[in-house]
Amino acid sequence: MAKFRFHWGWAIAVFYSLFVIAILTIVVRSFTVDNSLVVDDYYSYDLAYQEHADKKANTRALEKDLEFEHDRDKKVLKIVYPPNFEEFEGTILFYKPDNKKLDFEVGVKPDSSQVQLIDISSIVSGYWRIKINWNGDGTGFYKEHSIFN
(Lines give C-alpha, C1' and ligand atoms only; values in the text may rest on other atoms or scores of the structure.)
Protein backbone atom coordinates (compact mmCIF):
# COMPACT_ATOMS: atom_id res chain seq x y z
CA MET A 1 0.00 0.00 0.00
CA ALA A 2 1.37 3.39 -0.98
CA LYS A 3 1.92 5.89 1.76
CA PHE A 4 0.52 9.41 1.13
CA ARG A 5 3.17 12.12 1.25
CA PHE A 6 2.33 15.77 1.64
CA HIS A 7 4.88 17.55 -0.56
CA TRP A 8 5.16 21.09 -1.92
CA GLY A 9 2.80 20.50 -4.84
CA TRP A 10 -0.07 19.73 -2.46
CA ALA A 11 0.81 22.78 -0.34
CA ILE A 12 0.54 25.06 -3.37
CA ALA A 13 -2.82 23.53 -4.33
CA VAL A 14 -4.23 23.91 -0.79
CA PHE A 15 -2.96 27.50 -0.51
CA TYR A 16 -4.40 28.45 -3.92
CA SER A 17 -7.76 26.84 -3.07
CA LEU A 18 -7.97 28.71 0.25
CA PHE A 19 -7.06 31.96 -1.51
CA VAL A 20 -9.84 31.51 -4.11
CA ILE A 21 -12.37 30.69 -1.37
CA ALA A 22 -11.35 33.82 0.58
CA ILE A 23 -11.67 36.07 -2.48
CA LEU A 24 -15.08 34.63 -3.37
CA THR A 25 -16.24 35.15 0.22
CA ILE A 26 -15.14 38.80 0.12
CA VAL A 27 -16.93 39.36 -3.21
CA VAL A 28 -20.17 37.81 -1.96
CA ARG A 29 -20.07 39.79 1.31
CA SER A 30 -19.39 43.05 -0.57
CA PHE A 31 -22.68 42.69 -2.43
CA THR A 32 -24.63 42.34 0.83
CA VAL A 33 -23.27 45.52 2.49
CA ASP A 34 -25.32 48.72 2.19
CA ASN A 35 -22.84 51.27 0.85
CA SER A 36 -25.22 54.20 0.40
CA LEU A 37 -24.15 57.67 1.41
CA VAL A 38 -24.92 58.74 4.95
CA VAL A 39 -25.92 62.21 3.72
CA ASP A 40 -27.96 62.29 0.53
CA ASP A 41 -26.92 65.78 -0.59
CA TYR A 42 -23.31 65.80 0.56
CA TYR A 43 -22.23 68.64 -1.77
CA SER A 44 -24.50 71.28 -0.25
CA TYR A 45 -23.70 69.86 3.19
CA ASP A 46 -20.01 70.46 2.50
CA LEU A 47 -20.61 74.04 1.34
CA ALA A 48 -22.30 74.91 4.65
CA TYR A 49 -19.33 73.67 6.68
CA GLN A 50 -18.05 77.14 7.70
CA GLU A 51 -21.44 78.04 9.12
CA HIS A 52 -21.38 74.75 11.02
CA ALA A 53 -17.89 75.52 12.39
CA ASP A 54 -19.07 78.96 13.54
CA LYS A 55 -22.00 77.38 15.39
CA LYS A 56 -19.65 74.98 17.16
CA ALA A 57 -17.40 77.90 18.16
CA ASN A 58 -20.45 79.76 19.52
CA THR A 59 -21.34 76.68 21.56
CA ARG A 60 -17.84 76.45 23.03
CA ALA A 61 -18.06 80.15 24.01
CA LEU A 62 -21.22 79.64 26.08
CA GLU A 63 -20.86 80.22 29.81
CA LYS A 64 -23.12 77.25 30.51
CA ASP A 65 -23.34 74.49 27.92
CA LEU A 66 -26.30 72.28 27.12
CA GLU A 67 -26.86 69.53 29.67
CA PHE A 68 -28.11 66.07 28.77
CA GLU A 69 -29.69 63.56 31.11
CA HIS A 70 -30.65 60.17 29.71
CA ASP A 71 -33.04 58.28 32.00
CA ARG A 72 -33.09 54.69 30.74
CA ASP A 73 -35.75 53.59 33.21
CA LYS A 74 -38.28 56.26 32.22
CA LYS A 75 -37.08 56.28 28.58
CA VAL A 76 -36.76 60.08 28.57
CA LEU A 77 -34.02 62.39 27.35
CA LYS A 78 -33.80 65.66 29.26
CA ILE A 79 -32.05 68.60 27.62
CA VAL A 80 -31.33 71.70 29.72
CA TYR A 81 -30.65 74.84 27.68
CA PRO A 82 -28.54 77.79 28.87
CA PRO A 83 -30.59 80.19 31.01
CA ASN A 84 -29.50 83.44 29.34
CA PHE A 85 -31.69 83.14 26.21
CA GLU A 86 -35.28 84.25 25.64
CA GLU A 87 -36.14 82.72 22.26
CA PHE A 88 -35.25 79.26 21.01
CA GLU A 89 -35.70 77.61 17.65
CA GLY A 90 -34.06 74.76 15.81
CA THR A 91 -34.07 71.01 15.36
CA ILE A 92 -32.86 67.97 17.23
CA LEU A 93 -31.79 65.16 14.90
CA PHE A 94 -31.73 61.64 16.29
CA TYR A 95 -29.14 60.02 14.05
CA LYS A 96 -28.68 56.23 13.93
CA PRO A 97 -25.32 55.64 12.18
CA ASP A 98 -26.08 52.07 11.18
CA ASN A 99 -29.53 52.72 9.66
CA LYS A 100 -30.47 56.10 8.23
CA LYS A 101 -34.10 54.98 7.79
CA LEU A 102 -34.53 55.27 11.57
CA ASP A 103 -33.34 58.91 11.75
CA PHE A 104 -35.93 61.46 12.88
CA GLU A 105 -36.13 65.10 13.92
CA VAL A 106 -37.76 66.88 16.84
CA GLY A 107 -38.18 70.64 17.18
CA VAL A 108 -36.38 72.63 19.87
CA LYS A 109 -39.16 73.54 22.32
CA PRO A 110 -37.93 74.12 25.87
CA ASP A 111 -40.41 75.01 28.59
CA SER A 112 -40.24 78.18 30.72
CA SER A 113 -37.44 76.69 32.84
CA GLN A 114 -35.30 76.05 29.71
CA VAL A 115 -35.82 72.27 29.90
CA GLN A 116 -37.02 69.98 27.12
CA LEU A 117 -38.14 66.42 27.80
CA ILE A 118 -38.17 64.03 24.84
CA ASP A 119 -39.89 60.65 25.04
CA ILE A 120 -37.56 58.05 23.56
CA SER A 121 -39.58 54.95 24.43
CA SER A 122 -40.39 54.25 20.78
CA ILE A 123 -36.86 54.39 19.38
CA VAL A 124 -34.93 51.25 18.52
CA SER A 125 -32.32 50.24 21.06
CA GLY A 126 -28.69 50.82 20.19
CA TYR A 127 -26.28 53.67 19.59
CA TRP A 128 -27.79 57.07 18.74
CA ARG A 129 -26.06 60.37 18.03
CA ILE A 130 -28.13 63.42 18.91
CA LYS A 131 -27.36 66.51 16.82
CA ILE A 132 -28.87 69.74 18.10
CA ASN A 133 -28.84 72.64 15.66
CA TRP A 134 -30.45 75.55 17.48
CA ASN A 135 -30.66 79.33 17.62
CA GLY A 136 -30.85 81.31 20.84
CA ASP A 137 -31.85 84.95 20.43
CA GLY A 138 -30.74 84.83 16.78
CA THR A 139 -27.29 83.28 17.37
CA GLY A 140 -26.64 79.82 15.94
CA PHE A 141 -25.35 76.91 18.03
CA TYR A 142 -24.59 73.25 17.40
CA LYS A 143 -24.02 70.40 19.83
CA GLU A 144 -23.72 66.62 19.52
CA HIS A 145 -24.32 64.05 22.20
CA SER A 146 -24.33 60.26 22.08
CA ILE A 147 -26.60 57.86 23.91
CA PHE A 148 -26.94 54.12 24.03
CA ASN A 149 -30.59 53.24 24.44
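Residues are numbered from 1 along each chain as its sequence is written. In this predicted model local features need pLDDT of at least 70, side-chain atom pairs count only at pLDDT 80 or more, totals for chains, interfaces and linings use all residues, and side-chain values use heavy atoms, with hydrogens and water left out.

**Exercise 1.** Describe the setting of Gln116.

Solution. Start with the element: Gln116 lies in strand β5, residues 115-119. Strands are DSSP E runs of at least two residues, numbered from the N terminus. Next, burial: Gln116 has a relative accessible area of 5%, so it is buried (under 20% relative accessible area, 1.4 Å probe, protein chains only). Last, its polar partner: the side chain of Gln116 makes a polar contact with the side chain of Tyr81 at 2.9 Å (N or O atoms within 3.5 Å, one able to donate a hydrogen and the other to accept it; residues adjacent in sequence count only if both atoms are side-chain atoms).

**Exercise 2.** Work out the sheet that holds β5.

Solution. Take the order: three strands form an open antiparallel sheet, β1-β2-β5. Then the edges: β1 (67-71) and β5 each have a single partner strand, so one side of each lacks a neighbour in the sheet. Now the pairing: β1 and β2 (residues 76-80) are joined by five bridges (strands pair with at least two DSSP bridges). Asp71 has Val76 in β2 as its bridge partner.

**Exercise 3.** Is the chain spread out or a compact globule?

Solution. Count elements: three helices and seven strands. Helices are H or I runs of at least four residues. Compare sizes: the radius of gyration is 26 Å, well over the 15 Å of the globule rule for 149 residues, so the chain is more spread out than a compact globule (C-alpha atoms; rule 2.2 Å times the number of residues to the power 0.38).

How values were computed:
Buried means under 20% relative accessible area, exposed over 50%, partly exposed in between (1.4 Å probe, protein chains only).
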